[in-house]
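Biologist: I'm new to this one, so please give me a close look at how its parts are put together and where they meet. Take your time, and start with the chain that comes first.

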Amino acid sequence: MERAGEIVITTGGPRGARRGARKWGEIVPKGVVTSVALSGIWLMAFIIFFLIKEGAPILKETSLTEIALGQLWYPVSNPPSYGMLPLIAGSAAVTLLSSIMAIPFGVVLALFISDVCPERAREFCKVSLEILGFLPSVVLGFIGMAVIAPHMQMKLELLSGLNMLNASFLLGILILPTIATLSEDSLYAVPQAMRDASYALGGTRCETMFKVVLKCASRGIAQAAILGVMRSVGETMVVLMAAGGAAIIPLAMSDPVRPLTSTIAAEMGETPVGSPHYHALFFMGCLLLFITIALNILVLRIESGGGEK
Amino acid sequence: MSIYLLRRAADRASTAALYGCMALSAAVLGLILAFLAYRGVGAISWEFISDHPRAGMTEGGIVTPIAGTVQLILVSMAFAFPVGVTTAVYFNEYSRGGALTKALRLAVRSLASVPSVVLGLFGLAFFCVFLRFGASLLSAGLTLGCLALPTLITASETALQNVPREFRDASYALGGTRWQTIYKVVLPSAFPGIITGGILCVGRVAGETAPIMFTGAVFFAPGFARSIFDSVMALPYHIYVLATAGTRIDKTEPLQYGTILVLLALVLGISMVGIVARARLRKRL
């Protein structure tokens, strides 16, 4: 296919005069397309560079151990204290809890759509999952604030309904479509022969699904789960609105938390550009960026690890 | 015999449980949508859609944030759409799978996984401060464009891959060069698919809050943004502001639900158009 284009140019013959123009007509678009396409690389490089450039100066103000192990996040008091441990713990706790809720449920939904659902209802189920994924996170955060929080406060007799459980639940809803859709793709790709073999051995559908299909698709499901975790770590509006925003290390599910993302979103607006507080927030951005890049590399590893399906 | 019964019971139970899970998630989605529609519909009126916010945002309408969101979508797509389609053309038509292509793929994958709030930080440091665009429609739109770029690339690439090989061969056989083939045959055939991907992308961009919070969206603007260097109000940020920063939250409650309903109608409306268009395309293939 590639060759064909070149043959035309070399067989110009009597139209040789137009050969030069034609050649330019090929080289220029190719150059433009390639250089525009490269902007993706530039963009990613710029993101990493600017995050590090604005985040690194905080290390002049305080030490890495102070940031990583300090328990006090008081960036504007005098003297300021930049301990990020409670924020990191908040991010970890919310991510963990939401993943525990959403990953099994998402995989079960995917199993339903790929193996149990009647053919006619498949499209409906997939579209409704997709719509769930289209709900803006600010709307879910609002529901957490205005609907779930007051109920939770009354029913469970808590100090505040804005807490880790509320935010994790909503985060779970938010990452559910990602996990379910991607898992379904890999479950659906499991060859029918695998299922047939299991049925031929006398397996029930339940046994076939959980012992055969799920195992065959485990690689894809692991990827889906990691991508879900990745979204959960980086999600901002839900935790900003529903997690309570107290910079403490959570000990119970009813404790309010302040994950990294919500700290950035809540404080960046009032921070003067170039102040230590500004650099500290960029440092958190670096942390988040590196966590997601690491998870991304993990996904790629799983994807390329071994050719067998 | 009893083991057989047990296994059959387990099978039935698991089927029921799976149906239950799907019903539960569909019910949660339905409940959320129905609740928001029920609470919001009372606030919707022509005045609400067409009036500027008044009296410290406790009265009036939301035409300013609606216009702002539309402007943000336009700016972000003006950046992301050409770049995204061109990148997809590179991947599908020019790339020979060398180191450059691998690096570009890795970059696009990483870009897709950057948390939106981190993109917001990047937008602040790069567009607002380094390029001196300030907190403006341009900065916020470009930041949203960065968010949309990876999705657009993937969608356009799928559309390009779906163009049958025969189309290209026919063009080459008629003496078309590679660029002529791309420009006159491949792109027009892939165009519906690319546009569908673009629409779905717009639906996602319209609801994003975190990337625009510190790059150009503001609590309040007296009127529409008249140039790309003005700051804008945006629907998602307006919801956040009304819900958290209002001094009279009880008084603005109808406004909050009304704004949410308008945002949902916008986002889900655009997305549904994309989903329906995609379903039609798939049928045609």
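This is a predicted model: local features need pLDDT of at least 70, side-chain atom pairs count only at pLDDT 80 or more; totals for chains, interfaces and linings use all residues.

Modeller: Chain A is split into domain 1, covering 2–63, and domain 2, covering 69–304. Between the C-alpha centres of domain 1 of chain A and domain 2 of chain A there are 36 Å. The two do touch: nine residues of domain 1 of chain A are in contact with nine residues of domain 2 of chain A. On the domain 1 side of that contact in chain A, α3 (39–55) and α4 (58–61) each give at least two residues. With five residues, α3(A) has the largest share of that side. Sort the residues on the domain 1 side of chain A by class and you get five nonpolar, two polar and two charged.

Now zoom out to chain A as a whole. Chain A holds 15 helices and two strands. Its radius of gyration is 26 Å, whereas a compact globule of 309 residues would come out near 19 Å. Of the 309 residues in chain A, 45% count as buried. Looking at contacts in chain A with a separation of 6 or more, 70% of them are between residues 24 or more positions apart.

From α10(A) come M194(A), R195(A), S198(A) and Y199(A), and they meet E207(A), T208(A), V212(A), V213(A) and C216(A) of α11(A). That contact of α10(A) with α11(A) has five nonpolar, two polar and two charged residues.

Next comes the place where the chains meet. There, 64 residues of chain B are in contact with 69 residues of chain A. Several elements of chain B give two or more residues to its side, among them α3 (63–94), α4 (99–113), α8 (178–206) and α10 (249–284). The largest share of the chain B side is 14 residues, and α1(B) is the element that supplies it. By class, the residues of chain B that touch chain A are 42 nonpolar, 15 polar and seven charged.

That leads us into chain B, which has ten helices and two strands. Starting at the N terminus, the order of elements in chain B is α-α-β-β-α-α-α-α-α-α-α-α. The C-alpha trace of chain B spans about 75 × 70 × 35 Å along its principal axes. Chain B has 285 residues, and 51% of them are buried. In chain B, 76% of the contacts between residues at least 6 apart in sequence join residues at least 24 apart.

One helix pair in chain B deserves a stop. The axes of α3(B) and α6(B) come within 6 Å, crossing at roughly 35 degrees. This crossing of α3(B) and α6(B) is right-handed. The contact of α3(B) with α6(B) has 20 nonpolar residues, nine polar and one charged.

I182(B) sits in helix α8 of chain B. I182(B) counts as buried because it has 23 C-beta neighbours inside 10 Å, and 20 or more is enough for that label. Leaving aside residues up to four places away in sequence, I182(B) touches V89(B), E93(B) and L187(B).

R132(B) is in the loop between α5 and α6 (137–161) of chain B. It has 9 other C-beta atoms within 10 Å, so R132(B) is exposed, the limit for that being 12 or fewer. R132(B) also has a positive phi of about 60 degrees, although it is not a glycine.

Methods
Residues are numbered from 1 along each chain as its sequence is written. Chains are lettered from A and ligands numbered from 1 in the order in which they are written. Domain bounds come from an automatic or database domain assignment. Two residues are in contact if their C-beta atoms, placed from the backbone, lie within 7 Å. Helices (H or I, at least four residues) and strands (E, at least two) are DSSP runs, numbered from the N terminus. Ala, Val, Leu, Ile, Met, Phe, Trp, Tyr, Cys and Pro count as nonpolar, Asp, Glu, Lys and Arg as charged, and the others, Gly among them, as polar. The radius of gyration is taken over C-alpha atoms; the globule rule is 2.2 Å times the number of residues to the power 0.38. Axes are lines fitted to C-alpha atoms, for helices over the stretch in contact, and angles run from 0 to 180 degrees between N-to-C directions. A crossing is left-handed if the near helix is turned anticlockwise from the far one by less than a right angle, and right-handed if clockwise.
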